[in-house]
Amino acid sequence: MRPFVHASRSNIDSDDRPALERSVLDDATLVLNRSWMVVNVTTVRRAVTLLYLDLARVIQPETFDTHDFASWASVAVGRDEPHIRGVSFRMRVPEIVVLVDFDERPALRVPFSRRNLFLRDEHRCQYCGVRAASNDLSIDHVLPRSRGGTSTWTNCVLACHACNVRKGSRTPHEAGMRLLRRPRRPRWSPYLSLHLSRGRRSWDRFLQQQTHEVAWEL
């Protein structure tokens with residue numbers, strides 16, 4: 001049995017409805033562990049499934065009351081509020097859910113990867129400071145690989161093509177260039193940073209309590 005069959009946004013034309021309906025289910029929901037610590041960001045679709053399987057509760061943003069599937073389905077939906085529609089009910093989109101039995105904390109060791117490096121350096125050249133698209137940036141080894149440098153958090157930074165060519169197979173000191181920040185392994189949860197652009201105002205209280213900042217050594 002499916003927990004929902006339809007999702008929609010209010011005040012849209014029927015021709016636009018299918019694409020927008022899908023986007024409601026693909027919106028982001030913040031996931032907390034049993035101690036109300038942020039552990040993940042998931043889709044509305046997955047959050048409703050967890051709620052329906054009795055693996056999570058919805059936190060009502062206005063009151064911080066928790067709801068199971070039945071009680072959440074009974075909460076009134078605002079006229080222009082995005083919602084999920086079942087056979088006999090309309091349900092508010094869950095913005096925050098808390099897991100019933102999961103009490104682990106998120107891992108603080110962030111794996112080194114190209115995607116996470118772009119997140120850490122905020123798509124910005126670490127020499128001249130220009131912010132650019134992914135295809136206009138490259139990964140520079142502070143100590144060149146030709147001289148024993150390795151692909152690690154502390155030896156890799158983003159560089160625009162011009163700065164990368166200028167530096168060549170030299171260290172920044174040898175090239176007369178200076179890093180904006182000394183690279184370090186970040187201490188933030190990558191999945192949170194990936195979804196911050198999709199964040200909701202109701203998340204603020206929880207994100208402020210559990211900072212996901214990147215650690216830099218200046």
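Analyst: Asn-33 counts as buried because its relative accessibility is 0%. This is a predicted model, where local features need pLDDT of at least 70 and side-chain atom pairs count only at pLDDT 80 or more, while totals for chains, interfaces and linings use all residues. Residues are numbered from 1 along each chain as its sequence is written, and side-chain values use heavy atoms, with hydrogens and water left out.

User: How many salt bridges does a search of the whole structure find?

Analyst: A salt bridge is a side-chain nitrogen of Lys or Arg within 4 Å of a carboxyl oxygen of Asp or Glu. The search of the whole structure turns up eight. One of them joins Arg-120 to Asp-121, at 2.9 Å from N to O, and both of those residues are buried.

User: Which residues do salt bridges with shared partners join into one network?

Analyst: That would be Glu-62, Glu-81 and Arg-92. Glu-62 pairs with Arg-92, their closest N and O atoms being 2.9 Å apart. Arg-92 also meets the side chain of Glu-81 in a salt bridge, 2.9 Å from N to O.

User: Is Arg-92 buried or exposed? And what about Glu-62, buried or exposed?

Analyst: Arg-92 has 8% relative accessibility, so it counts as buried. Glu-62 has 51%, so it counts as exposed.

Terms used:
Buried means under 20% relative accessible area, exposed over 50%, partly exposed in between (1.4 Å probe, protein chains only).
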